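Please view the sequence and the model alongside the numbered points below.

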Amino acid sequence: MERTVDWLVIIPLAPLLAALVNFLVGRWWIRQRAHWLAVPAVGLSFLVSLVAAVEVLGQHHVLRQPLYTWIAAGDFHVPVELVIDELTAVMLLVVTGISFLVHVYSIGYMAHDPGYYRFFAWLPLFVFSMVMLVLANNFLVLFVFWEAVGLCSYLLIGFWFRRRSAADAAKKAFIVNRIGDFGFALGIMLIFTSLGTLEYHEVFQSIPELSTGTVTAIALLLFTGAIGKSAQLPLFVWLPDAMEGPTPVSALIHAATMVTAGIFMVARAHPIFLAAPLAMGVVATIGGLTAFVAATIATTQFDIKRVVAYSTVSQLGYMAMALGVGAWIPAIFHLFTHAFFKALLFLGSGAVMHAMHDELDMRRMGGLKRWMPLTYWTFVIGAAANAGIVPLAGFWSKDEILVGAWVAGVPLLAILGLVAAFFTALYMFRAVFLTFHGEPRFDPHEIHPHDPPKTMALPLLLLAVGAVLAGFVGVPPENGWLHHALEPVFEGAKHHEVPLALTLGIAIASTVVALAGLWIAHAAYVRAAIDPAAVAARLGLLYRLAANGWYFDLVYQRAVVRPLDAFATWLWRNVDIAIIDGAVNGVARAVAATAQLWRRLQTGLVANYALVIALGTVLLVGIYLAFGSTLFR
C-alpha cells in the first residue's frame, strides 16, 4: 500500500537549513555556538525518520512525497519525489541516528577548533546529501546526491586543509572516487538509452526486455561506482588515508554515510543484478577478496585509526560478498549492525587521541585502561562486536553472510570469510591490548590520560548498547524481525532453505576462529608468550606484503601517477610553453616590433605630418588617374 504525505521533506530539510545558516553567518555571528542549530536539526531529522520507519516497517506502507518535476523534455521526465520503503526506512534510521550521535560527540571533540562553525556547516550538509541519496526515486537524483556525498567527504577529509597530508588525502579520495563514478555514470546512461527512463519502478519492470549482455554491462558499470564509494578492491586505497579528517568525520564516513552508499545502491538495484549472474559473481568475488586482503593489512598496522579503517574495508567486503551471492537481507543486516560498532570504535579511538594529545601510534600507548575505564569497556564491546564474538551484533549478521555464501554454492567464499574473521579478531584485540593493557609506553608526567567529557561519553555509551543489542533484530537467524521487515523489498529474490545444522556449524566455526584470534592476540600482547617481531620476521615477504597494503599504493604510484605526472610535465613543456605560450608571446613580440617601427613616424613635427598628407594625396590622385576608370566601374 502506498500513501502520500507532506512531511517527509522535513528529514532532509532540517540538516540542510542548519548547514546553510552555519555556512552563511557562522563565521561572524554563530562561531562556537554552531552546534545549537546542527544538533537539533539532525535530531529532528532522526525523529521524523523514526516516525516514518514505524509506519513503513510496521505496516509495510510505502510513503511518498512528490516535490517537483526537475526535467521535462518530450517523453523524458525526471520527477523529484521522496520515497520511503522498507529498505530506505532502515537506511534512514542508520544515517540519521548515527549522525545525531556523531554530532553530539563533535561538540566536545571539536570544542577548541577555530573552524568550529565550518565543521558544523559541512557535517549536516553531509547528512542531507546522504539522506537525499537514500530517499531518491530514480537513478539521476541518486547520482546527483551520490556526487554531493563525495563532495562533502572531500570537504571534511580536508577539513584541516593547511596540513599537507589532509589536503592530499582529500584529493586522493576525490580522484579515486571519480574513477568509480565514471563507470557509474556510464551505467546510468546505458539504462536511459536502453529503456528511456531512470525511475526505479519503471526500470526494474522493464529489465526482462533487455538482453543478458546489456543487463550484465549495466550491472557491472553500476558496481564500478560501488567499488569506489564502498572502498572495494582495487579502489579501496582512499579510505585509510581519509583518517586525516577529524575523527567524528571518520565515524560518519565509515558507519553512516559515504561507504554505505555503494552497498545500498547495489541492494536497491537488485532486480538488475539478479538478471545478470556474471555480474553477481564478480560482486561476490571482489567482496570476498576485499574482506580477506583488508583484514590481513589491518593486522600489521600500528596507527589505531588505520586499524579501524582497514577493518571497515574488510566489513564492506563481507557486505559486497553477501550481495553477490544473493544474500540481500544479510548484507543490509550487516550494514545495520556494523554502523553501531564501527561508529563506536572510531569515536573510542577519538577519545584515546583526545587524551593522548593526538597520538595515534599504539606502540606509544599502553596501560590506558586504568585511566580511561569508560573508553576501555566501550572499545572492548566494539572490538568484540566487530570480531563476531557471540552474542554481540557482528556475530549474527556476519554468520548469516557466511551461511548465505555456503548455501549459494560458493563454499570457498565462506571459507575465505572465516579466515578473514580470524584476522578480524586478531587485529581488533591486538588494538585493545596494545592500547589499554600492559605498562604505559608514554611519559605519565607529560600526558595525563582521562575519559572524555559527557558530550563525548554519552554517544560512546549509547553506541555500546547498540553494539550489544543491534544483532537481535535478526534473531533467530534467517527469520528475525528485520528479515520479515525487508522481505517485501526483496520478494523477487531467490530464497534458500538453510538447514539448522549448517547454521549451527557455521556459527561454531566462526566462534572458534574468532576465539583463536583473540587467544593469539592475548598470548602475543599480554602474556608475551609469542614474540610478534619474531613472527613477522619468519613470515618475511608475506608480512611485508600486508604491512605495505599489498603494495596497491606503490603500484598505483608507479603505474599511474608517475606516468601521468611525466606526461603532464611533457605537455607543459612542449605544448603549453613551447606552442601555446610561444604563439601568444610571438604575436606580442610581432606587435611590439611593428609598433617600434611605426612609432618613428610620430615625430611631433607638423611639417612632417603635412608632408605625409601631401604625399598621400598625390598617391591617391595618381592611383585614381591611372586606374580610376576601372576601380570605380
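1. The largest nonpolar core holds 214 residues, and F139, L222, I272 and F273 are the ones that touch the most other members. A nonpolar core here is a set of buried Ala, Val, Leu, Ile, Met, Phe, Trp, Tyr and Cys residues joined through side-chain atoms within 4.5 Å. Buried means under 20% relative accessible area, exposed means over 50%, and partly exposed lies in between (1.4 Å probe, protein chains only).

2. Helix α15 (residues 328-355) supplies the largest share of this core, namely 19 residues. Helices (H or I, at least four residues) and strands (E, at least two) are DSSP runs, numbered from the N terminus. Domain 1 (1-137) and domain 2 (138-530) both give residues to the core, so the core lies between them.

3. Some remarks on the basis of the values are in order. This is a predicted model, in which local features need pLDDT of at least 70 and side-chain atom pairs count only at pLDDT 80 or more, while totals for chains, interfaces and linings use all residues. Residues are numbered from 1 along each chain as its sequence is written, and side-chain values use heavy atoms, with hydrogens and water left out.

4. The chain as a whole has 25 helices and three strands. Its C-alpha trace spans about 115 × 65 × 55 Å along the principal axes. Of the 633 residues in the chain, 54% are buried. Among the chain's contacts (heavy atoms within 4.5 Å) with a separation of 6 or more, 80% join residues 24 or more positions apart.

5. Three domains are assigned: domain 1 (1-137), domain 2 (138-530) and domain 3 (558-628). These bounds come from an automatic or database domain assignment. The C-alpha centres of domain 2 and domain 3 are 64 Å apart.

6. The chain carries 36 positive and 35 negative charges, whose mean positions are 14 Å apart. In this count Lys and Arg are positive and Asp and Glu negative, with His and the chain ends not counted; each charge is placed at NZ of Lys, CZ of Arg, CG of Asp or CD of Glu.

7. Which residues does L222 touch, not counting residues up to four places away in sequence? L222 is in helix α8 (residues 212-229) and is buried, with a relative accessible area of 0%. Its contacts are F139, F184, G187, I188, I191, M265, A269, I272 and F273. For one of these, M265, the C-alpha atom is 8.4 Å from that of L222, although the two residues are 43 apart along the chain.

8. H103 belongs to helix α3 (residues 86-109). Is H103 buried or exposed? H103 has a relative accessible area of 0%, so it counts as buried. Leaving aside neighbours within four places in sequence, H103 is in contact with A38, V39, V42, F120, L123, P124 and V127.

9. One joins V390 and P391, with omega about 5°; P391 lies in the loop between α16 (373-387) and α17 (393-407). Another runs from V475 to P476, with omega near 5°, and P476 is in the loop between α19 and α20.

10. P477 is likewise in the loop between α19 (454-469) and α20 (481-486). Its relative accessibility is 35%, so P477 counts as partly exposed. Apart from residues up to four places away in sequence, P477 touches W396, E400 and T503.

11. R31, which is not a glycine, has a positive phi of about 50°; R31 sits in the loop between α1 (10-30) and α2 (35-59) and is partly exposed at 48% relative accessibility. W550, also not a glycine, has a positive phi of about 55°. W550 lies in the loop between α23 (541-547) and α24 (552-598), and its relative accessible area of 30% makes it partly exposed.
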